[in-house]
Amino acid sequence: MKIKLILVALNLLFTFASCSDRRTVIGVSQCSNDTWRQKVNREIKIGQYKYKNVDVSFCSADNNAKRQVQQIDSLVESNVDLLIVAPSDASTVAPAVERAYKKGIPVILFDRKIDSDSYTTYVGADNVEIGRVMARFIADKLHGKGRVLEIAGLEGSTPVEERHKGFVEVMKRYPNIVTTTVNGDWNVDGARKIMSRCLANDPNINCVFGHNDAEALGAWEAAKAVGKEHDIMFVGIDGLPGERQGIDLVKKGCFAASYIYPTHGEMLVPLAMRILKKLSVPRMNYPPIQVLLPTRMPTL
């Protein structure tokens with residue numbers, strides 16, 4: 001009898017030990033691997049260190065929506081406990097997210113949305129308001145008159161649609177400001193080529209609004225190549241630290257402004273753990289944001 005009791009106690013001990021040793025796996029599906037995303041990933045790792053027995057698996061689709069679908073499906077097959085997804089394309093990636101969600105895997109949409117309600121929570125800025133703020137800033141600086149080139153990001157992502165929506169909404173109030181919108185690829189090289197073509201067709205551009213700082217920088221470089229960098233105002237979005245990033249470019253006077261688009265990756269793992277513990281979380285999470293101006297520089 002004593003031997004049986006000892007065996008039962010040992011079995012319970014091993015069971016509890018195995019439960020406590022079980023590792024929680026969070027899968028992170030990033031749409032790309034640019035500087036902004038790399039900062040997010042570093043912050044996610046910082047958030048991970050607050051918890052024992054938590055592993056984070058990262059993958060990047062390099063702006064290829066079909067590749068991201070495959071990566072999400074692969075993460076699901078590997079039995080992740082929760083997914084964090086920054087969708088490359090709102091429609092193409094949606095079915096993969098839906099499949100995961102219907103299997104009972106919680107999904108945090110980060111920075112971007114999908115054409116579906118099959119997700120647990122969203123974390124990101126109000127991109128429509130960002131478009132409005134940048135439009136008001138530009139209209140004020142141009143005194144309500146001029147020619148503005150909007151270099152948007154890749155077509156199909158919700159930040160592009162929402163930033164453009166807010167931008168156009170405000171610009172409609174200024175009939176003497178002519179706007180042209182061209183889709184870029186979020187990258188410096190792509191925006192440089194776009195700006196070169198646009199300047200050849202319209203040398204009287206007064207302002208460039210890049211949907212991120214990389215696109216604004218590419219446009220600035222194209223203008224500099226033909227000696228027009230001081231004749232055109234450049235504004236972007238991201239406001240990251242580091243050389244040739246938003247803060248640096250505003251400090252140097254290359255940009256008139258950059259919108260600080262917060263990464264806040266460190267909040268994602270704690271949010272994920274709340275979800276996995278069945279605690280309530282807000283459906284929509286909007287971190288604080290602000291415009292970065294030369295006279296309003298953050299302390300580094």
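**Helices, sheet and cavity**

Analyst: In this predicted model, helix 3 (residues 65-77) and helix 4 (residues 94-102) pack with their axes 8 Å apart and at an angle of about 10 degrees.

User: Which residues of helix 4 make the contact with helix 3?

Analyst: By class, this contact has 6 nonpolar, no polar and 2 charged residues. Helix 3 contributes Val-69, Ile-72, Asp-73 and Val-76, while the residues from helix 4 are Ala-96, Val-97, Arg-99 and Ala-100.

User: Which strands are the edge strands of the open sheet of 6 strands?

Analyst: The sheet has the order 2-1-3-4-5-11, with parallel pairing. An edge strand pairs on one side only, and this holds for strand 2 (54-60) and strand 11 (284-285).

User: Which residue in strand 5 is the bridge partner of Leu-109?

Analyst: Strand 4 (residues 107-110) and strand 5 (residues 121-123) run parallel and are joined by 3 bridges. Among the residues of strand 5, the bridge partner of Leu-109 is Tyr-122.

User: What volume does the largest cavity have?

Analyst: The count comes to 1 cavity of 30 Å³ or more. Its lining, which includes Trp-36, Phe-110, Asp-111 and Tyr-261, divides into 7 nonpolar, 2 polar and 1 charged residues. The volume of the largest cavity is about 40 Å³.

Terms used
Residues numbered from 1 in each chain as written. Predicted model: local features only at pLDDT ≥ 70, side-chain atom pairs only at ≥ 80, totals over all residues. Heavy atoms only, no water. Axes fitted to C-alpha atoms, helices over the stretch in contact; angles between N-to-C directions. Helix = DSSP H or I, 4+ residues; strand = E, 2+ residues; numbered from the N terminus. Contact = heavy atoms within 4.5 Å. Nonpolar A, V, L, I, M, F, W, Y, C, P; charged D, E, K, R; others polar. 1 Å grid on protein atoms, 1.4 Å probe; cavity = no way out; pocket = protein on both sides within 12 Å on 5 of 7 lines; lining within 4 Å. Points joined across faces, edges and corners; volume = space filled by probe spheres on them. Pairing = 2+ DSSP bridges.
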